[in-house]
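Me: I have a protein model open and I am new to reading one. Could you walk me through its features, a step at a time?

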Amino acid sequence: MEWTRSRIAVSEGIELAYEEIGAPDAPVILLIMGYASQLIVWPESFCHRLADGGYRVIRFDNRDVGLSTKLNDAAVPNVIALRLRQQLKLPLKVAYTLDDMTADTVALLDALSISSAHIVGASMGGMIAQLLAVNYPERVNSLVSLMSSSSYGGMKPKILWHILNKAAPDRDAQIAHSLKTWQLISSPELGDPVQQLRARIEAAYERAHYPPGKARQMAAIMASGSRQKILSKINAPTLVIHGDKDPMLPLKGARDTAGRIPNARLELVAGMGHDLPEALLEKLVNLILGHVGGKTATE
């Protein structure tokens, strides 16, 4: 199977870059990636395995990241100042929220003439997926909330500080900063080798390096707050997958998510951090295919 790659207008002023693989008439699995992460963070082999299960798999760049529209006219927020305002329970002024990013996702489905899909969201993408299932239930055949949470917060302080501490603007410093980030959040024993991480980071840098979007996406997460009071509205079959070694979004957030969504199932993955390491891809694919009804690798 080969990838189809394109960019499509989904609303006034917003175009989303996307890639798809699998039979065009197959049921759709839509992959929503997380904070400041391009579509290529979904591993190629992960997508191929899902497609081999009988699905049309679509991954895309959210607004302000990758090859999708950059909101160059929007202010670049001071995330540390926003964090202080958040702690003081003061209103946050941001360019957009997760609700806007959810609307982008629905608009992408509309642009591709997809009435409904199986939705898999990772990290911030899981938050968007949750909102999609709450606010657009007719578009969601099933939901997988992967290494995500029901609310903002809980990140280990050293990780939050590292993310908020800007690196020098040159290429080497930016790549070193990103590498350190991944080393902090990756599965401690099962993570991919450092040379593989570096190669992916360099590929992402060359594809589309855009720090302002990173700040605006973090602001969107912060301003969107908790989804705890609305998750009970979700009626789609829901699987919550989380690693027991995730230092970025603690396990309690996944437990809370699963506990608030009616009939949701929580699947803990031993040794998994906040990443998608090769060592765990087969397990993750089988969990997802088992949930959506596809043929797993062991069948």
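Predicted model: local features only at pLDDT ≥ 70, side-chain atom pairs only at ≥ 80, totals over all residues.

**Reading the model together**

Me: Is aspartate 110 buried, exposed or partly exposed?

Reply: The general idea is to look at relative accessible area, where buried means under 20% and exposed over 50%. Aspartate 110 has 46%, so it counts as partly exposed.

Me: Let me step back to the whole chain. How many helices and strands does the protein chain have?

Reply: The secondary structure comes to 10 helices and 8 strands. Along the principal axes, the C-alpha atoms fill a box of roughly 50 × 40 × 35 Å.

Me: What does the radius of gyration tell me about the protein chain?

Reply: You set the value beside the one for a compact globule. With 299 residues, such a globule would have a radius of gyration near 19 Å, and the protein chain has 18 Å, which agrees.

Me: Now the nonpolar cores. Which residues touch the most other members in the largest one?

Reply: A core here is a set of buried nonpolar residues joined through their side chains. The largest has 58 residues, and Leu30, Leu98, Leu108, Ile119 and Ile234 touch the most other members. Helix α4 (residues 124–135) gives the most to this core, with 8 residues. A second, separate core has 30 residues, including Val144, Leu146, Leu239 and Leu284.

Me: What is leucine 108 in contact with, leaving aside its neighbours within four places in sequence?

Reply: Leucine 108 is in contact with Ile8, Val10, Leu16, Tyr18, Leu30 and Phe60.

Me: On to charges. How many salt bridges does the structure hold?

Reply: The structure holds 16 salt bridges. To read one, look for a side-chain nitrogen of Lys or Arg within 4 Å of a carboxyl oxygen of Asp or Glu. Arginine 59 and glutamate 44 form such a pair, with their closest N and O atoms 3.0 Å apart. Arginine 59 sits in strand β4 (residues 56–60) and glutamate 44 in helix α1 (residues 44–52), 15 residues apart, and the pair links distant parts of the chain.

Me: How accessible are arginine 59 and glutamate 44?

Reply: Arginine 59 is buried, with a relative accessible area of 1%, whereas glutamate 44 is partly exposed at 37%. Both belong to a network of salt bridges that links Arg5, Glu19, Glu44 and Arg59.

Me: Which residue does arginine 49 meet in a salt bridge?

Reply: Arginine 49 meets glutamate 278, at 3.5 Å from N to O. Arginine 49 lies in helix α1 and glutamate 278 in helix α10 (residues 278–292), so the pair ties together parts that are 229 residues apart in sequence. Another example joins arginine 171 and glutamate 206, at 2.8 Å from N to O. These two lie in helix α6 (residues 171–185) and helix α7 (residues 194–207), so parts 35 residues apart in sequence are tied together.

Me: Last stop, the surface. Which residues form a nonpolar patch there?

Reply: Ile80, Leu84 and Trp161 do, with about 330 Å² of accessible area together. Tryptophan 161 is found in helix α5 (residues 157–164). With 53% relative accessibility, tryptophan 161 counts as exposed.

Technical notes: Residues numbered from 1 in each chain as written. Heavy atoms only, no water. Patch = residues over 30% accessible without salt bridge, like charges linked within 9 Å, V, L, I, M, F, W, Y side chains within 5 Å. Areas by Shrake-Rupley, 256 points an atom, 1.4 Å probe, with all protein chains shown as cover. Helix = DSSP H or I, 4+ residues; strand = E, 2+ residues; numbered from the N terminus. Buried < 20%, exposed > 50% of the residue type's maximum accessible area, 1.4 Å probe, protein only. Core = buried A, V, L, I, M, F, W, Y, C linked by side-chain atoms within 4.5 Å. Contact = heavy atoms within 4.5 Å. Rg over C-alpha atoms; globule rule 2.2 N^0.38 Å.
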